[in-house]
Structure formats: C-alpha cells, structure tokens
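The sequence and the model are shown first.

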Amino acid sequence: MSNQEIVVSGVRPTGMLHLGNYMGAVKNFIQMQHEYKCFFFIADYHSLTTHPTPQDIKSSVKQVFAEYLACGIDPEKATIYIQSDLPQTAELYMLLNMNAYKGELERCTSFKDKVRTQPNNVNAGLLTYPVLMAADILIHKAGKVPVGKDQEQHLEMARTFANRFNRMYQTEYFIEPHAFNYGNNLVKIPGLGGKGKMSKSESEMDAIFLADSPELVRKKVMKAKTDSGPTEPNQAVSEEIQNLFDLMKVVSTPDTLLYFEETYKNATIRYGDLKKQLAQDMVAFTSPIYERIQQIKADEAYLTKVAKIGAEKAYESASKTVNEVREIIGFKKVW
Ligand code: TRP
C-alpha cells in the first residue's frame with residue numbers, strides 16, 4: 001500500500017457531534033474506512049490547551065468515542081484510537097518542535113485568534129498546536145487528511161515541517177499530507193435558528209445533536225424559525241424556510257420535499273405540517289444513532305476493549321516511524 005492511501009484525521013473532544021458534523025465529516029470517514037487504511041483518533045492532547053479538568057477530559061473523550069462508533073466507524077476496518085494512548089506522538093512532536101520557528105507559529109491564524117479570544121491563556125501548547133497536528137499525521141506517514149477548510153493552514157504547516165525535516169537530513173522520508181474529501185461535504189446543513197449553517201456555538205436550540213433524545217429533536221424542529229408565510233403564489237423563499245427545505249433534503253424523501261416546495265409555490269403551505277413532517281423524518285434519521293450511543297456508552301468494557309485494540313494497531317505504525325526518525329536523526333547507538 002502506498003502512503004497516498006493512508007488517511008489520518010483527528011477530532012477534538014469538544015462537545016457533541018451535530019448533524020452538520022455528521023454530514024460534513026463523519027459520513028466521509030465511514031466511506032473512507034472501506035477504501036483506505038484509516039487512522040481516526042480523538043485529539044485529547046490538543047484539548048489540554050484550554051485546561052479541562054480530569055473529569056471533563058474523561059467524559060468528553062468517552063462521549064466522542066461512543067459517538068464515532070455509533071455512527072459506524074468500524075474498529076475492525078479503521079484504526080480508531082485515543083491520541084494520549086500513543087506517546088510516540090509526543091516524542092515526534094518534541095523532535096519536530098526543534099525545527100518549527102516562533103515566527104511562523106505566531107503567524108498562524110488559529111494562534112492569532114486564540115491570542116485575541118483568550119489573552120490570559122496563551123500557552124506554548126497553543127503556539128505549537130500545528131506541530132502536534134503535524135506529528136499526528138506524519139507519525140503514520142499519511143498522504144490524505146480529511147479536514148475542513150479551517151484546517152488548511154495547519155496542513156500547509158505540516159507539509160512545511162515534513163519538507164524541512166527531509167531537507168535537513170537529506171532524505172525523502174516524510175511525504176506531504178494533503179486535504180482530502182469526497183464532494184459530499186459540500187452538502188449544506190443549516191441550523192434551526194433561521195440563519196447560517198448548523199453550529200453548536202449559536203444557541204442550544206440551533207443544532208440537532210446525534211445524542212439528543214427523540215423528544216428533544218422533535219421539540220427543536222417544532223421551534224425552528226419560520227416566517228409569516230407566502231401571501232401569493234411564486235414568492236421567493238426566505239432563508240428560514242429554505243433552511244427547513246435543505247434539512248428535508250437530507251432526512252426526508254424527495255417526494256416529501258417536492259410536496260412542500262409545491263405547496264409553498266402555490267401559497268397553501270402550512271408551516272406546522274412542514275415542521276411536523278421534518279421532525280418525524282429527523283427523528284427517524286437520528287434515533288437509531290441516539291440509541292447506539294446510549295448502548296455503547298453503557299458498555300464500558302466494550303469501549304475499553306476497542307480503545308485498546310486501536311492503540312495497539314496505531315502503536316505498530318507509530319513506533320516504526322519514531323524508530324526510523326530516531327535513526328535518521330542520529331540517535332541509534334552504533335558508535
Ligand atoms: N486541528 C484539528 C481540528 O481542530 C484536529 C486535529 C488534530 C487533526 N490533529 C489532527 C485533524 C490531525 C487532522 C489530522 O479539527
């Protein structure tokens with residue numbers, strides 16, 4: 001298998017997955033695990049930059065881990081592990097840090113954002129966040145990294161660190177990682193608040209979380225923002241209503257969507273009916289995942305077993321890389 005066929009992606013254990021995350025990222029991972037050698041991990045080292053309590057770390061790692069498994073990441077196909085179970089990552093990070101410069105790290109957009117938003121906690125881990133991310137990727141010598149646009153600069157830095165290492169030691173050891181996605185991450189998943197895409201930072205009620213109970217999903221959809229309705233046929237569709245149609249595109253049948261679009265066009269639409277139908281289809285979509293999350297979270301023995309198997313598989317790939325890197329650097333004891 002060439003390294004171009006190796007996929008790595010990390011997810012930060014910050015809060016729960018919502019429908020937008022599912023359609024934009026997780027669904028891709030599920031497809032990729034059948035076609036590539038995939039490593040998916042929970043980036044718990046990265047999350048330390050914001051100083052979570054031990055209890056927070058434990059519960060949020062458990063939550064995302066259960067959610068990814070519930071969505072269909074198959075531990076027999078992909079390697080799914082927890083970053084801190086792989087201390088080789090920390091070693092490679094330290095080694096790469098020697099070749100990462102203060103100036104370039106300070107210019108990183110995500111760092112500058114943090115300096116602005118959390119001026120009282122500008123720690124070194126925040127500054128070297130892109131180096132840790134590069135270590136995550138280079139440790140498996142992955143060529144493909146499924147991430148969103150917001151991670152493009154970090155990926156570019158990973159390429160810089162890989163190339164710099166190669167130049168310094170006159171080797172072609174690391175390959176360049178590149179962003180990789182199927183087209184379907186372009187599907188638009190709007191929030192329920194009437195404006196913009198689904199986001200957990202908007203309000204509690206804006207996003208549909210996969211871990212929301214069916215009752216809560218129904219309640220959120222029924223409270224979705226609408227407008228006062230079309231007063232005559234063929235009126236332009238407002239953003240609020242278009243958003244509900246867009247959500248229907250994801251969870252309802254094409255016939256259902258068409259029916260409501262038609263009733264909008266001839267100005268006979270009833271928003272109560274639209275939301276009732278959307279709520280029903282949304283619940284049908286999310287409730288099997290919701291139930292699996294509950295089951296998996298309750299089965300700690302299973303979670304522990306899957307984490308252990310993942311860590312072992314990741315260890316194989318990571319320890320090979322770190323040993324080879326140590327040798328290239330000159331740490332091998334052959335005097
Ligand atoms: N920085 C990524 C994010 O915020 C998470 C991440 C950490 C990651 N290490 C990675 C993604 C390695 C891809 C590959 O979403």
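The sections below describe the surroundings of the ligand and then a helix contact in this predicted model.

## Ligand surroundings

## Polar contacts and cover

Among these residues, Arg12 places a side-chain N or O atom 2.7 Å from an oxygen atom of the ligand. Asp136 has a polar side-chain atom 2.7 Å from a ligand nitrogen atom, and the side chain of Gln151 has an N or O atom 2.9 Å from a nitrogen atom of the ligand. On its own the ligand has 360 Å² of accessible area, and the protein covers 93% of it.

## Helices H11 and H13

Helix H11 spans residues 239-251 and helix H13 spans residues 271-298. Their axes come within 10 Å and cross at roughly 35 degrees; the crossing is left-handed.

On the H11 side, the contact is made by Ile241, Leu244, Phe245, Leu247, Met248 and Val251. These meet Tyr271, Leu274, Lys275, Gln277, Leu278, Asp281, Met282 and Phe285 of H13. By class, the contact residues comprise 11 nonpolar, one polar and two charged.

Terms used: Residues numbered from 1 in each chain as written. Predicted model: local features only at pLDDT ≥ 70, side-chain atom pairs only at ≥ 80, totals over all residues. Heavy atoms only, no water. Axes fitted to C-alpha atoms, helices over the stretch in contact; angles between N-to-C directions. Helix = DSSP H or I, 4+ residues; strand = E, 2+ residues; numbered from the N terminus. Left-handed = near helix turned anticlockwise from the far one by under 90°. Contact = heavy atoms within 4.5 Å. Nonpolar A, V, L, I, M, F, W, Y, C, P; charged D, E, K, R; others polar. Polar contact = N/O pair within 3.5 Å; in protein donor to acceptor, adjacent residues only side chain to side chain. Areas by Shrake-Rupley, 256 points an atom, 1.4 Å probe, with all protein chains shown as cover.
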